[in-house]
Amino acid sequence: MTALITGASSGIGRDIARYLASLNYDLILVARREDRLKELQEDIKNVKVDIISADLSVRENCFDLYEKTKDRNIDFLVNNAGFGAYGKFDTVPLEKELQLIDTNIVALHILTKLYLKDMIKRNSGYILNVGSAAAFLPGPTFSSYYASKSYVVRLTQAIYEELRRDKINVKISALCPGPVKTEFNKVANVGFAISGLESEDVAKYAVDKTIKGKMVITPGMLMKFTKFIQRFPSEKMLTKISYNVQHKRQS
């Protein structure tokens, strides 16, 4: 069995790699930072680990990644590469937002489609798309990131139902955690008002639930409760609440 994990150099991606290795998956680890990938490669001893340094915000690199790995019969795809950009919509540099969209949306879309088609032919496989609890809300002052994660979740849900209707034995899930203790805060220049979950716990929970066929995976009781109560306020009220939460997160 072989798993391919993007954004594998740190955080949830790194810990998913370690957990899948404990389940005896050979690994193909993808990220921009080759030095981090080499460290992880050296740390994992029990399975074969290959590393590929690539910037997936460049769509040609996504197609190149598939061509390099398609003959490995990827059994488990984890689309984890992504980042956030904090700031009001009119102040965030457009180039940074376009890079965010290319990484969080376009790369995930390309890789999901290409590897899914192979999995459908084999009638087996798992895809875990890493979204966020942000997908369930509008995100004033964090708009592009929230919107990108909404895309991830809705795309995953649609594919899930198509596979179910066609009785295809391929499982696809969207991971939607709240705050997690990773490097995300530093990159996005935000902080969290509540303590984040441990990345290792989120990784294990996500993989286990994907294997069981869970469509949307929300780790932690707080996020489950938050998702439940979001159905009661109006859209306008949710937008106001989201703004207040995001405003407090600025470092």
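This is a predicted model: local features need pLDDT of at least 70, side-chain atom pairs count only at pLDDT 80 or more; totals for chains, interfaces and linings use all residues.
Residues are numbered from 1 along each chain as its sequence is written, and side-chain values use heavy atoms, with hydrogens and water left out.

Cysteines. I looked for disulfides (a pair of cysteine sulfur atoms within 2.5 Å) and got 0. Then I checked burial, with buried meaning under 20% relative accessible area, exposed over 50% and partly exposed in between (1.4 Å probe, protein chains only). Cys62 is buried because its relative accessibility is 0%. Cys176 comes out at 0% too, so I put it down as buried.

Strand β5. Helices (H or I, at least four residues) and strands (E, at least two) are DSSP runs numbered from the N terminus.

Neighbours. I count strands as paired if DSSP finds at least two bridges between them. β4 (residues 76-79) runs parallel to β5 over 4 bridges, with Phe76 bridged to Tyr126 of β5. β6 (residues 171-175) is also parallel to β5, through 5 bridges; here Asn129 has Ala174 of β6 as its bridge partner.

Crossovers. Right-handed means that, with the strands pointing away from the viewer, the path from the first strand over the helix to the second runs clockwise. I traced β4, helix α4 (residues 94-122) and β5 as a right-handed β-α-β unit. β5, helix α5 (residues 143-165) and β6 form a right-handed β-α-β unit as well.
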